[in-house]
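Please open the model in your viewer and keep the sequence panel at hand. We will go from stop to stop, with something to select at each one.

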Amino acid sequence: MEKTVRPVPFLDLRAQIRPLRAEFDAAIASVVDQTAFILSDHLTAFERNFAAYCGAKHCIGVDSGTQALHLILRTLGVGPGDEVITVPNTFIATLEAIHYTGARPVLVDVDPDTWLMDPRAAARVLGPRTKAILPVHLFGHPAPMRELQALADQAGAALVEDACQAHGARLAGRRTGALGRAAGFSFYPGKNLGGFGDGGAIVTDDDALAALCRSLRHHGQGAKNIHDHIGYTGRLDSLQAAVLAVKLPHLDRWNAARRVHAAHYRRRLEGAYRMPQVPGGGEAVHHLLPICVPDPERVMARLQAGGISFGRHYPIPVHLQPALAYLGHRPGAFPVAEELCTGIISLPMFAEMSEEMVDAVCDVLL
Ligand SMILES: *Cc1c(COP(=O)(O)O)cnc(C)c1O
């Protein structure tokens with residue numbers, strides 16, 4: 001019976017797009033007919049709706065999640081001589097955003113239970129140069145923001161969310177985007193809310209931060225033809241905004257389906273496989289469904305032979321990437337993150353997958 005669902009893809013975007021195809025076609029046609037490709041009503045409408053969805057005042061659409069994080073940090077005044085605290089087990093983009101500002105990324109190890117930033121480790125590196133703390137809601141699991149906010153307050157630093165994997169996740173009832181000073185989201189196609197290309201957004205309640213990000217993404221323009229700052233070509237384009245506007249009303253339903261699949265995976269695999277715990281008070285959106293194994297090569301070979309696709313997020317911690325060798329960290333610097341990265345495998349996870357598909361993956365693993 002289970003054989004009929006194999007091979008199981010890691011992600012099937014066609015299954016998400018197919019039922020909404022007519023709406024996408026109409027949304028795209030409307031942008032083309034209006035030739036309103038940049039800074040149009042499509043963008044404004046999406047921004048308004050995504051801010052409301054997050055429970056925040058402002059959303060500023062930008063061209064990527066990396067740009068969102070970068071503009072937030074720059075707007076906070078982060079620059080050379082400053083430090084930004086983040087984690088080693090993240091996508092390189094988190095570090096790139098810090099690097100662009102000229103600040104030094106200060107890495108701290110993660111909690112062995114949640115695999116997220118360990119506030120005790122962050123407390124140990126907090127200092128007068130700490131300008132921001134940038135936890136990652138990795139896998140769509142919300143980081144421990146209450147503890148981290150206390151540290152940020154203590155240091156006079158800003159708490160910024162890397163929410164690129166966590167659209168719609170909640171902590172103590174509040175959504176990502178409303179859990180810190182500002183949040184960066186990615187609309188890369190495979191994210192829980194993804195466009196038909198690159199895109200991202202800054203979400204914040206801070207009026208001044210929002211206004212400056214809005215200017216910086218558009219060549220630093222304030223009044224028409226007055227450039228108050230050296231900015232960027234950093235806008236979210238109308239085609240992406242129109243596509244995202246079609247998808248947004250379905251996000252909660254898709255996230256709920258992911259939670260059902262995640263619970264099913266957990267019921268079957270817990271005990272046999274190491275899986276991250278969602279922090280207390282958190283409601284995850286399961287962008288990814290990771291396990292950590294001592295023998296990844298063997299497990300990956302078994303998945304492959306069983307017709308199960310998988311990913312790895314991320315097998316090399318950022319401090320051991322060639323591009324970040326300048327930070328001077330050696331293997332062993334962050335033992336928990338390093339062990340997790342070495343053994344990590346991401347199992348198939350998307351809203352449209354069936355319970356039989358989850359069972360097929362688990363059957364191969366067990
Ligand atoms: C996807 C992602 C980013 C970057 O997003 P882009 O839109 O690709 O620039 C940053 N951080 C994390 C954790 C991500 O998963």
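## First stop: helix α9

This is a predicted model, and our tour begins inside it. Select residues 238–247, which form helix α9: eight of its 10 residues are buried, so the helix is largely enclosed by the rest of the structure. Colour the buried ones if you like: they are Ser238, Gln240, Ala241, Ala242, Val243, Leu244, Val246 and Lys247.

What do the buried residues of α9 pack against? Show α1 (13–17), α2 (21–34), α3 (41–54) and α10 (251–269), and you have the partners. Asp237 caps the N-terminal end of α9, with a side-chain oxygen 3.1 Å from the backbone nitrogen of Leu239.

## Step back: the whole protein

The secondary structure comes to 13 helices and 12 strands. The radius of gyration is 20 Å, close to the 21 Å that the globule rule gives for 366 residues, so the protein is as compact as a globular protein of that length. Along the principal axes, the C-alpha atoms fill a box of roughly 65 × 55 × 35 Å.

Of the 366 residues, 57% count as buried. If you look at contacts with a separation of 6 or more, residues 24 or more positions apart account for 71% of them.

For one more overview, colour by charge. There are 35 positive and 37 negative side chains, and the centres of the two sets lie 0 Å apart.

## Second stop: Thr204

Select Thr204, which lies in strand β9 (residues 200–204). Is Thr204 buried or exposed? Thr204 is buried, because its relative accessible area is 0%, and the cut-off for buried is under 20%.

The backbone oxygen of Arg181 lies 2.7 Å from a polar atom of the Thr204 side chain. On the backbone of Asp206, the nitrogen lies 3.0 Å from a polar atom of that side chain.

Then widen the selection to what surrounds the residue. Beyond its neighbours within four places in sequence, Thr204 is in contact with Ala56, Lys57, His58, Gly177, Arg181, Ala182, Leu209 and Ala210.

Go on to strand β12 (residues 344–347), where you will find Ser346. Ser346 is buried, with a relative accessible area of 0%. Which side chain does the side chain of Ser346 make a polar contact with? Show His313: the distance for this polar contact is 2.8 Å.

Leaving aside neighbours within four places in sequence, the contacts of Ser346 include Phe10, Leu288, Leu289, Pro290 and Phe310. Gly311, Arg312 and His313 are also in contact with Ser346.

Tyr314 lies in the loop between α11 (296–305) and α12 (335–343).

## Another cis bond

Jump to the segment before α1, where Pro7 is found. The peptide bond from Arg6 to Pro7 is cis, with omega near 0 degrees.

## Loop stops

Select the loop between α8 (207–216) and α9, and pick out His219 there. Phi of His219 is near 60 degrees, a positive value in a residue other than glycine. At 35% relative accessibility, His219 counts as partly exposed.

Asn225 is in the loop between α8 and α9 too. Its phi is near 65 degrees, again positive in a residue other than glycine. Asn225 is exposed, with a relative accessible area of 59%.

Finish at Ala172, in the loop between β6 (170–171) and β7 (174–175). Ala172 is exposed, with a relative accessible area of 69%.

Methods. Residues are numbered from 1 along each chain as its sequence is written. This is a predicted model: local features need pLDDT of at least 70, side-chain atom pairs count only at pLDDT 80 or more; totals for chains, interfaces and linings use all residues. Side-chain values use heavy atoms; hydrogens and water are left out. Helices (H or I, at least four residues) and strands (E, at least two) are DSSP runs, numbered from the N terminus. The radius of gyration is taken over C-alpha atoms; the globule rule is 2.2 Å times the number of residues to the power 0.38. Buried means under 20% relative accessible area, exposed over 50%, partly exposed in between (1.4 Å probe, protein chains only). Contact means heavy atoms within 4.5 Å. Lys and Arg count as positive and Asp and Glu as negative; His and the chain ends are not counted. The place of a charge is taken as NZ of Lys, CZ of Arg, CG of Asp or CD of Glu. A polar contact is a pair of N or O atoms within 3.5 Å; within protein, one must be able to donate a hydrogen and the other to accept it, and residues adjacent in sequence count only if both atoms are side-chain atoms.
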